[in-house]
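Colleague: I have a few minutes before my next meeting. Could you walk me through this one?

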Amino acid sequence: MEETLEEPPTSAVLLDHCHFSQVIFNSVEKFYVPGGDITCYYTLTQHFIPRRKDWIGIFRVGWKTTREYYTFMWVTLPVDLNSKATTQQEVQFKAYYLPKDDEYYQFCYVDQDGVVRGASIPFQFRPENEEDILVVTTQGEVEEIKQHNSELCKENQELKDSCVSLQKQNSDLKAELQKKQEELEALKSINKELEQKVKEQQDSWETELLQLKEQNQKVSSENEEMRVRVDQLQEQLSTQEKEMEKLVQGDQDNTEQLEQLKRENGQLFLSLTEQREHQKKLEQTVTELKQKEATATKKEQELTDQNFDLSRRLSENKMICNVLQKEKEKMGRENDLLKSENSRLMRYIGLEFDSLPCQVPASDQGGAGQNPGLVYGNPYAGIQESSASSPLSSKKCPTCKSDFTGDICDHTLEQQPVQTLYCPICDKSFSATEKQIFEDHVFCHSL
């Protein structure tokens, strides 16, 4: 291979064959005599602009990435890129760096990003006197390779469809996660409104209770004053009765004074009766106030119970928020798992494609249709594969280490992510089909 101080830009990614027709190789011989320099002629199409780090390499037929070049030469940039005459270019390979075997090779134009922009028909390095009888003997193998390539394209399309399905499932999971987040925000808003209402109701109840206590204290003070007044009247009545008895005993003859005393006594008795009736009314008022106090106490207890119930519901809402948060984190982990699985499948697709015995030149797929005057087919591509093993030979799966025939192990298509619900209190797990059992289990923790 060519010894240079600077390696050409390459890529390890499987290449897209749709760019192979941007540079067209001209006058490519079927055979080149070993030991001599060869000149590669190529044409730049009007849709392609060359750059300083572009290069042309000689690749053995069956290559998969641009890192597998045998030797290379830097391309020379045209002086005037807008001139049509400068689109015809050439580059010369020295005999010292050319292959010495009789394998099939082809020229490939690679840009400075490591992308192949054009590929030539295959050719060999062999003497001129060697008879060209390989087309007749290998025609069947070429047909077999074409059929195998068709099967590989079909399997590649199936893998692409599977990737599209996984991307759709990932999008659905993101939408569901967004919906859960919106529900969580709504629950937080409802919880905040409930806390505000509870606080306002509690303040109202405390104000009403304070007014009732003040009124009760005022009635109690009035009742105490009435009791003192009744005691004073009773004491005064007792004093008057004693004085009346003294007058009756001391002056039996003073009837007028006695009658007057009797009238005064009657008036006092009437006043006493009125005072007693007023006292009964006060006692009745006190009883009513006690009943109101008992009612207020009962109402306070009911409000306390309602407050406790609201606190319990608030705790339940917080628990539900925690459950939703854990579900969100779980769905995030599942989303990461899906992304990891998607990346693993893409890597796996690349590995399986790398393990194929050979690759048909890209000109069979897209380049020949644009310029019917050029031959992009490879009638000699199957010669080096004549001694290769059958494509149906046994392989070993890189994941489960089991032998299988074909290109894909069955278990890689059966892996599906399973959703699991976890209790935020005791970390007990439930499957996605036991959602009602999970909610009842979480509710039992709050009892």
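**Rings, strands and a few side chains**

Colleague: Good start. What should I know about the model itself?

Modeller: It is a predicted model, where local features need pLDDT of at least 70 and side-chain atom pairs count only at pLDDT 80 or more, while totals for chains, interfaces and linings use all residues. Residues are numbered from 1 along each chain as its sequence is written, and side-chain values use heavy atoms, with hydrogens and water left out.

Colleague: Back to rings, then. How many aromatic pairs does the structure hold?

Modeller: There are 19 aromatic pairs. Rings of Phe, Tyr and Trp (its six-membered ring) pair if their centres lie within 6.5 Å; planes under 30 degrees apart count as stacked, over 60 as edge-to-face and the rest as tilted. One of the pairs is F123 with F125, which is edge-to-face at 5.6 Å centre to centre and 80° between the planes. F430 and F438 also pair edge-to-face, with 5.7 Å between centres and 65° between planes.

Colleague: What is the relative accessible area of F430?

Modeller: It is 6%, so F430 counts as buried. F123 and F125 are both buried too.

Colleague: Which residues do ring pairs link into a cluster?

Modeller: The cluster takes in F25, Y32, Y42, F48, Y70, F93, Y105, F107, Y109, F123 and F125.

Colleague: And what lies over the face of W74?

Modeller: That is K53, 5.4 Å from the ring centre. A charge sits over a ring if NZ of Lys or CZ of Arg is within 6 Å of the ring centre and within 35 degrees of the ring normal.

Colleague: Changing topic: how many helices and strands does the protein chain have?

Modeller: It has four helices and 13 strands. These are DSSP runs numbered from the N terminus: helices are H or I with at least four residues, strands are E with at least two.

Colleague: What is the strand order in the open sheet of four strands?

Modeller: The order is β5-β4-β7-β8, with antiparallel pairing. At the edges are β5 (69-74) and β8 (116-119), each pairing on one side only. On average, neighbouring strands of this sheet are turned by 25° against each other, direction ignored. Axes are lines fitted to C-alpha atoms, for helices over the stretch in contact, and angles run from 0 to 180 degrees between N-to-C directions.

Colleague: How many bridges are there between β4 and β7?

Modeller: Six, joining β4 (residues 55-60) and β7 (residues 105-110) in the antiparallel sense. Two strands pair if DSSP finds at least two bridges between them. F59 has Q106 of β7 as its bridge partner, and G57 has C108.

Colleague: Why is β7 described as largely enclosed by the rest of the structure?

Modeller: Because six of the six residues of β7 are buried. Y105, F107 and Y109 point one way, while Q106, C108 and V110 point the other way.

Colleague: What about the other neighbour, β8?

Modeller: β7 and β8 run antiparallel and are joined by three bridges, with Y109 opposite G118 in β8. Their hairpin has five residues between the strands, and G114 there takes a positive phi near 80°.

Colleague: Now the helices. Where is N191 found, and what does N191 touch?

Modeller: N191 is in helix α2. Not counting residues up to four places away in sequence, N191 touches L314 and K318; contact means heavy atoms within 4.5 Å. With a relative accessible area of 11%, N191 is buried.

Colleague: And E243: buried or partly exposed?

Modeller: E243 is partly exposed, at 46% relative accessibility. E243 also belongs to helix α2 (residues 139-250).

Colleague: Last one: how much of the protein chain counts as buried?

Modeller: Of its 447 residues, 31%.

Technical notes: Buried < 20%, exposed > 50% of the residue type's maximum accessible area, 1.4 Å probe, protein only.
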